[in-house]
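Please have a look at the model below before reading my comments.

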Amino acid sequence: MADQYYKLSDGYVLALEAESKFPPLTQALKEPNGLIAIGGDLSSKRLLAAYSHGVFPWFSEDDPIMWWSPNPRMVLFPTELKVSSSLKKTLKKNPYHLSINNAFREVITACSQVKRPDQAGTWINQDMIDAYCELHDLGHAVSSESWLNNQLVGGCYGVIIGQMFYGESMFHTQSDASKIAFVHLVNYLKTKNVGMIDCQMKTPLLTSFGGREIPREVFSQTLSKLIHLTA
């Protein structure tokens, strides 16, 4: 059966069927930035195939699943992590208890509830939460948590394949709680020999941590090596 495509203003994009494979990244549309396929499902098999290919899902509540591969790609190499002087001072005070993988579902659920000024809603719906919790159960998703008086006050999560990590989202209800959880996560990933963290799109926060943009081709080549290494 021949592949089906959606016609958009900037070109054609693949309509994913159950057994469809993601097309070459060179077929991703420039506008919107890196849209490469629409449809499919959020099964663990599909998600792992997507991340291994350099693709991630992002879509609004009432939209079909959309898959993206931006160019350039924002990444952070763990050895290039930068921590500001003010955050270093906060870290020395040890304001929060930190943990890894102690509250994955709670972290992703809290991330889904964050009010973001540039978004009308959230892309982390219940189907997404359940899908990533399944990845967590399979050992392919990681969370980092900040706690205050036994209450979860900040955290972040993402997907890990081999020595490649894909950051997804973060939240905080106390000052610097998500930043501290992120630093804790990066230090944890260093112990797993993770070579690159995918940050997807450029933001001032990620830039302040040392993130930088690289060409999609370089990103793809690097992750292709890292996903086959043992964490």
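What follows is a set of numbered notes, from the overall fold down to single residues.

1. Basis. This is a predicted model, in which local features need pLDDT of at least 70 and side-chain atom pairs count only at pLDDT 80 or more, while totals for chains, interfaces and linings use all residues. Residues are numbered from 1 along each chain as its sequence is written, and side-chain values use heavy atoms, with hydrogens and water left out.

2. Overall fold. The protein chain has 7 helices and 12 strands. Helices (H or I, at least four residues) and strands (E, at least two) are DSSP runs, numbered from the N terminus. The radius of gyration of the protein chain is 18 Å, close to the 17 Å from the globule rule for 231 residues, so the chain is as compact as a globular protein of that length. That radius is taken over C-alpha atoms, and the globule rule is 2.2 Å times the number of residues to the power 0.38. The C-alpha trace spans about 60 × 35 × 35 Å along its principal axes.

3. Burial. Of the 231 residues in the protein chain, 49% are buried. Buried means under 20% relative accessible area, exposed over 50%, and partly exposed in between (1.4 Å probe, protein chains only). The areas come from the Shrake-Rupley method, and for residues only the protein chains shown count as cover.

4. Salt bridges. How many salt bridges does the rule give? The count comes to 4. The rule asks for a side-chain nitrogen of Lys or Arg within 4 Å of a carboxyl oxygen of Asp or Glu. Side chains of opposite charge can pair when their charged atoms come close.

5. R212 and E80. These two form a salt bridge, with the closest N and O atoms 3.0 Å apart. R212 lies in strand β12 (residues 212–214) and E80 in the loop between β6 (73–76) and α2 (85–92), so the pair ties together parts that are 132 residues apart in sequence. R212 is partly exposed at 37% relative accessible area. E80 is also partly exposed, at 31%.

6. R105 and D130. Their side chains meet in a salt bridge at 3.2 Å, N to O. The pair links distant parts of the chain, with R105 in helix α3 (residues 104–112) and D130 in helix α4 (residues 126–137), 25 residues apart. R105 counts as partly exposed at 39% relative accessibility. D130 counts as partly exposed at 35%.

7. K179 and D176. The salt bridge between these side chains has an N to O distance of 3.9 Å. K179 is partly exposed at 31% relative accessibility. D176 is partly exposed at 21%.

8. Charge patches. E61, D62, D63 and D127 form a patch of negative charge on the surface. D63 sits in the loop between β4 (56–57) and β5 (66–68). D63 is partly exposed, with a relative accessible area of 35%. A patch of positive charge gathers K88, K89, K92 and K93 on the surface. K92 belongs to helix α2 and is exposed at 73% relative accessibility. Patch residues have over 30% relative accessible area and no salt bridge; like charges are joined within 9 Å, and nonpolar side chains (Val, Leu, Ile, Met, Phe, Trp, Tyr) within 5 Å. Lys and Arg count as positive and Asp and Glu as negative, with His and the chain ends not counted. The place of a charge is NZ of Lys, CZ of Arg, CG of Asp or CD of Glu.

9. Sequence versus space. Buried or exposed: which is I214? I214 is buried, at 6% relative accessible area, and lies in strand β12. K45, in helix α1 (residues 44–53), is exposed at 67% relative accessibility. K45 and F182 are 137 residues apart in sequence and 27 Å apart in space, C-alpha to C-alpha.

10. Backbone checks. The E31 to P32 peptide bond is cis, with omega near -5°; P32 is in the loop between β2 (11–16) and β3 (35–39). The N71 to P72 bond is cis, with omega near 5°, and P72 is in the loop between β5 and β6. N101 has a positive phi near 60° and is not a glycine. N101 lies in the loop between β7 (97–100) and α3. N149 has a positive phi of about 55°, although not a glycine. The place of N149 is the loop between β8 (141–148) and β9 (151–161), and N149 is exposed at 67%.

Technical notes
Accessible areas come from the Shrake-Rupley method with a 1.4 Å probe; for residues, only the protein chains shown count as cover.
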